[in-house]
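This briefing concerns strand pairing and aromatic contacts. Please consult it alongside the sequence and the model.

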Amino acid sequence: LKEVLSTSTPQVSTTTTGTSTNRGTTTPFLVKKTERATSTIVMFVDRETGYLYGYPIETGIVYQITNSIYPGISDAHIFDNGKRIIMRYPNYDKNTINALVANIPNVSQNGTPLPLENIQSLTGEVTSVAVSSQKDKAAYVVGTSNGSTIYTIAQKGPIMVATSPFKEW
């Protein structure tokens, strides 16, 4: 759901007055309306190129969303209502797995693919990623010499949550 200010119409104005129930005083309040999503889009990543694609259920026509190349994607996790992504891919020079978090650009079905936005490399070797059941938050585990460290992804970047002597979660 997206909350937006209602447009002014003869029947409804953006600001009106109402009566408070506790003291009978008149208090101004703001009228808002909500908009529901009009379509459902399944997003997926091509493992070979790292391109992100969208598949609208209503049309069944696949379209490309991103053009950032990350070959050999091992896994990708989309969260924050389809606005962000965590991807893991191999670094063959160091024989490790790199990970990044980025914003997904807003591309329409007939639009031109765009690069991922606000790309941040995640430090350390990310051993696992989890997305909340509401798909609004993500967390990941980084293996360390003393065990592991758990981070969550926030708007400003990763935040350390805990450290543990356990290496496997």
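An open sheet of 3 strands is arranged in the order β5-β6-β7, with antiparallel pairing. β5 (41-45) and β7 (63-64) stand at the edges with a single partner strand each, so one side of each has no neighbour in the sheet. The model is predicted: local features need pLDDT of at least 70 and side-chain atom pairs pLDDT 80 or more, while totals for chains, interfaces and linings use all residues. Residues are numbered from 1 along each chain as its sequence is written, and side-chain values use heavy atoms, leaving out hydrogens and water.

**Strand pairing**

- Strands (E, at least two residues) are DSSP runs numbered from the N terminus, and two strands pair if DSSP finds at least two bridges between them.
- β5 is joined to the antiparallel strand β6 (residues 52-56) by 5 bridges; the bridge partner of Phe44 in β6 is Tyr53.
- Strands β12 (residues 126-131) and β13 (residues 138-144) run antiparallel and are joined by 5 bridges, with Ser128 opposite Val141 in β13.
- β12 and β13 form a hairpin with 6 residues between them, and Lys135 in the turn has a positive phi of about 60°.

**Aromatic pairs**

- The structure holds 3 aromatic pairs (ring centres within 6.5 Å; planes under 30 degrees apart are stacked, over 60 edge-to-face, the rest tilted; for Trp, the six-membered ring counts).
- The rings of Phe44 and Tyr53 are stacked, because their centres are 5.6 Å apart and their planes are at 20°.
- Tyr140 and Tyr151 are also stacked, at 5.1 Å centre to centre and 15° between the planes.
- Tyr140 lies in β13 and Tyr151 in β14 (residues 147-154), so this pair ties together parts that are 11 residues apart in sequence.

**Accessibility**

- Phe44 is partly exposed at 35% relative accessibility, whereas Tyr53 is buried at 18% (buried is under 20% relative accessible area, exposed over 50%, partly exposed in between; 1.4 Å probe, protein chains only).
- Tyr140 is buried at 2% relative accessibility, and Tyr151 is buried at 19%.

Technical notes:
Helices (H or I, at least four residues) and strands (E, at least two) are DSSP runs, numbered from the N terminus.
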